[in-house]
Amino acid sequence: MTPGWLAAPALCGCLLVAAPACRSNPATTADALPPLTLPDLSGVSPAVGQQIRDQFTSFSRALGSPGASAEERAGAYATMGRLFLAAKLIDQAELCYLHARALAPDDMRWPYLLGHVYLVKGNREHAAAAFDR
């Protein structure tokens, strides 16, 4: 058994080594996330479906622009996320905000918006964790 005075520094050292890994979870990198695709729009009104298709065209153009910064791409995902959330396409909204967070991790909008997505999904634990960031 390790004396208490030796265990504390060892535990701190483990936490310092593990902390960056927790923050850079592979699932939060943009490359690890599935690509955003247009969902089945048969459940939304024709006008909403057209608005989503039009915005998705703009989104695809913005993402494909060679000069687009990470922040600009995150903004394009956020715009799609807001539209999906308004249309109650919650899984697509979540994916958009996860991509936005991966592209601009220091932007506090993404945890906040993800918190709202998790509330809509009924996942209070994930929502609380997102709001705590």
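## Arg109 and its partner

R109 counts as partly exposed because its relative accessibility is 47%; the term covers values between buried, under 20% relative accessible area, and exposed, over 50% (1.4 Å probe, protein chains only). R109 forms a salt bridge with D107, and the closest N and O atoms are 2.6 Å apart. A salt bridge here is a side-chain nitrogen of Lys or Arg within 4 Å of a carboxyl oxygen of Asp or Glu. Side chains of opposite charge can pair when their charged atoms come close.

This is a predicted model, in which local features need pLDDT of at least 70 and side-chain atom pairs count only at pLDDT 80 or more, while totals for chains, interfaces and linings use all residues. Residues are numbered from 1 along each chain as its sequence is written, and side-chain values use heavy atoms, with hydrogens and water left out.

## A salt-bridge network

The structure holds three salt bridges. Which residues are linked in a network of salt bridges? The network consists of D91, E94 and K121.

In one of its pairs, the side chains of K121 and D91 meet at 3.1 Å, N to O. This pair links distant parts of the chain, 30 residues apart: K121 belongs to helix α5 (residues 109–121) and D91 to helix α4 (residues 90–103). Helices are DSSP runs (H or I, at least four residues), numbered from the N terminus. K121 is classed as partly exposed because its relative accessibility is 38%, and D91 is also partly exposed, at 49%.

K121 also meets the side chain of E94 in a salt bridge, at 2.5 Å from N to O. Because E94 lies in helix α4 and K121 in helix α5, the pair ties together parts that are 27 residues apart in sequence. Is E94 buried or exposed? E94 is buried, because its relative accessible area is 15%.

## Aromatic rings

The model has three aromatic pairs. Rings of Phe, Tyr and Trp (its six-membered ring) pair if their centres lie within 6.5 Å; planes under 30 degrees apart count as stacked, over 60 as edge-to-face and the rest as tilted. F56 and F59 form a tilted pair, with 5.4 Å from centre to centre and 40 degrees between the planes.

Both F56 and F59 lie in helix α2 (residues 46–64), three residues apart, which is about one turn of the helix. Both residues, F56 and F59, are buried. Ring pairs also bring in Y77, linking F56, F59 and Y77 into a cluster.

Definitions and conventions: Helix = DSSP H or I, 4+ residues; strand = E, 2+ residues; numbered from the N terminus.
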